[in-house]
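Here's a quick briefing to read with the model open in your viewer. Have a look at the fold, then work through the notes by topic.

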Amino acid sequence: MGCIGGVGRGNFLDNGIGSGGGHGGKGGLGCYNSSCVEGGISYGNTELPCKLGSGSGNESSADSTAGGGVIVMGSVEHPLSSLSVEGAVRADGESFEETVWQQEYSVSNDSSIAPGGGSGGTVLLFLHTLTLGESAILSSVGGYGSPKGGGGGRGGRIHFHWSDIPTGDVYQPIASVKGSIYAREGFGRGESGGGENGTVTSKACSKGLYGTFCLECPVGTFKNVSGSDSSFCHPCPASELPHRAIYIAVRGGIAEIPCPYECISDSYHMPHCFTALEELIYTFGGPWLFCLLLMGFLILLALVLSVAQMEFVGVDELPGPAPTQHGSQIDHSFPFLESLNEVLETNRVEESQSHVHRMYFMGPNTFSEPWHLPHTPPEEIKEIVYEGAYNTFVDEINAIAAYQWWEGAIYTILSFLVYPLAWSWRQGMRLQRLREFVRSEYDHAFLCSCRSRALYEGLKVSATADLMLAYVDFFLGGDEKRTDLPPRLPQRFPMAIIFGGDGSYMAPFSLQNDNILTCLMSQLVPSTTWYRLVAGLNAQLRLVCHGRLRVAFRPVLRWLETHANPALRIHGVRIDLAWFQAASGGYRQYGLLVYSVEEESEPISLGNTNGGVRTQILSRVKTAYMQNQSGYLREDALLTQGHRSSEVFARQKRSYRGLIDTNNLQMLEEKRDMFYLLSFIVHNTKPVGHQDREVGEEGACEK
């Protein structure tokens, strides 16, 4: 036990009512009939306590209480390596009569002294580790005051002076506490008050550790100063924690920021807990910059694909050299074409010699109107196909050409992101599937030629370079034993040649000058003349804008009459602008109608056309309008293209509705919808100087 008096001893009223002793805090008040006396003062060192507890004072009275004693184990120089407590270690202050715990006490009626309780003493432990069992007690509590009004004693001091606190990766818990540690105050009686609680302290903990037993700071907090107060563990900054991350515990606690964390799933990657796509996006500067870069890349890719469409369509569809007619002279006015006349014939020329017919796909290759073939075979191929099997082939190839719903969804997304790529994807994907079907999947069962069926020959799906127009070429198998097949060019007249493209900037109208067409035309027209005609016509067609056909076709018609047909007339051939295959949705294909003519008489003036005088060569159609090369246009009456008078000219032009001339050009119908303005801008916006450059090309072709 400690002292009855002491530094923090209690005080008394005149009537003998005493207050509690102080130590770890101030002692409890002693009160009687609303008159109170202050308790003993607080004293001692919290960081290294070594003081006895104080009593109630009035050492002359036998009823006075004493403070708790001092218990010291180990020393600074020789601390205990470990301490295990299974019983009780007490330095408690004395209570009045020591029977207050059971509320059973007896006081003589003649006693006039009512002292307060003594304060708790000191428990000082120098040690390395501590183990406190479940039933163990470390106590330095204050004593209870007299039931007549004595104040309660103040709790004492318990201090753990750790000799070595491991930190960082070598951290180990230094205390295992399952028992109880008390440093509370003693209770007062009546009007009196209890004392204040004592203190339970320890040596200051290192960074990352807190509390009496130097535990690791809670997950999500850090401590970068020395000390044991739990308030030193500050929350980690929320701004430094990624959205998909959680803080993790670290051995020895977190001493500095940033606090360690991990992603909530293995599918996210440190340090930002991004997915692979998000990492890519933020590598290039974030969503906005990434989108700009991606759009630029897609536009560049679309341009590359557009330039490389010839390669995509396949080298077997590229135009090849036409056989030079025997005795023909090279036209030295076109030096850039000389090499084409000097190239030797290849197997492509041999292939063109077995060509029977070219059948064009109908439709604009859109999701609402996909490519499709008619079920009725054209007259030109009826002798080399089985009609029933042909219908089955058409059903299968039309099913392949139709679009699925998911393809429409992809096209819509690409259209919003980068329109050129969506355009190329839609056009190229469908052609590739059709070609694979004809080349390797279909058994060519509708062809009469046994050799064609056995070798999977006789059919070829091709397309123009812009992938807008597709067609099927039919060839002889070599075992038909027909002297009238394949037909010569005059036997094919009138022959339709449909333009590729749709009049937009991405796909301008153009005449595809492939190998087969070139070889066919070379039967009547010299190669140099035909190449010159194609180059000049394409220069004109590049200026034809979608949505302005009535105006844009007028220079084309003028060029045909002033440049193309005069050059072809000496070879007995004429070409006219025409439209083909009008679909239910208003879509039309445009192209040339080629037929033969024979010269009859001298020129005659047909009057004024667009402010200029046009001279028309009198000529007559040599052959009747039968079914054209696509198999869709028929005309039973002879059409006279040259006329002896303007009246006859107008009447015979009206006899064929598919032809386009200056008289019926204004009646040409163009499909327009509510998005016409936007569609016109998207399809026809051209770079500055684009048209000027093409006009220059046109002039070069006209020289």
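Quick ground rule on burial: buried means under 20% relative accessible area, exposed means over 50%, and partly exposed is in between, using a 1.4 Å probe on protein chains only. This is a predicted model, so local features need pLDDT of at least 70 and side-chain atom pairs count only at pLDDT 80 or more, while totals for chains, interfaces and linings use all residues. Residues are numbered from 1 along each chain as its sequence is written, and side-chain values use heavy atoms, with hydrogens and water left out. Helices (H or I, at least four residues) and strands (E, at least two) are DSSP runs, numbered from the N terminus.

**Confidence**

- pLDDT is the predictor's confidence in each residue, from 0 to 100; the protein chain has a mean of 77, with 75% of its residues at 70 or more.
- Over residues 312–346 pLDDT stays under 50, and the model has 70 contacts beyond four places in sequence for them, where contact means heavy atoms within 4.5 Å.
- Residues 684–703 also stay under 50 in pLDDT, with 32 contacts beyond four places in sequence.

**Helix H7**

- H7 covers residues 405–417, 13 residues in all, and reaches 19 Å from its first C-alpha to its last.
- That is close to the 18 Å expected at 1.5 Å a residue, the expected span being 1.5 Å times one less than the number of residues.
- Glu407, Gly408, Tyr411 and Leu414 of H7 are buried.
- Down the axis of H7, the buried residues fall within an arc of 130°, so they line one face of the helix; the arc is that of the directions from the helix axis to the C-beta atoms.
- Trp405, Ile413 and Phe416 are exposed on the other side of H7.

- All six of the six residues in S9 (157–162) are buried.
- Arg157, His159 and His161 sit on one side, with Ile158, Phe160 and Trp162 on the other, and both faces are covered.
- In general, side chains in a regular strand alternate between the two faces of the sheet.
- S9 pairs in the parallel sense with S6 (122–127) over six bridges; two strands pair if DSSP finds at least two bridges between them.
- Within that pairing, valine 123 stands opposite isoleucine 158.
- S12 (199–202) runs parallel to S9 and is joined to it by four bridges, with threonine 199 as the bridge partner of arginine 157.

**Nonpolar cores**

- A nonpolar core is a set of buried Ala, Val, Leu, Ile, Met, Phe, Trp, Tyr and Cys residues joined through side-chain atoms within 4.5 Å.
- The largest one has 49 residues, and Phe499, Trp530, Leu537, Phe553, Leu560 and Tyr590 touch the most other members.
- Elements giving two or more residues to this core include helix H12 (527–541), helix H13 (549–569) and strand S24 (589–599).
- H13 supplies the largest share, nine residues.
- Another core, of 30 residues, lies apart from it, with Val356, Ile381, Leu431 and Phe437 among them.

**Two single residues**

- Asparagine 398 lies in helix H6 (387–401) and counts as buried because its relative accessibility is 16%.
- Leaving out residues up to four places away in sequence, asparagine 398 touches Trp371, His372, Leu373 and His375.
- Methionine 667 lies in the loop between helix H14 (646–654) and helix H15 (676–684), and at 61% relative accessibility it counts as exposed.
- Methionine 667 is 117 residues from arginine 550 in sequence, yet 8.2 Å away in space, C-alpha to C-alpha.
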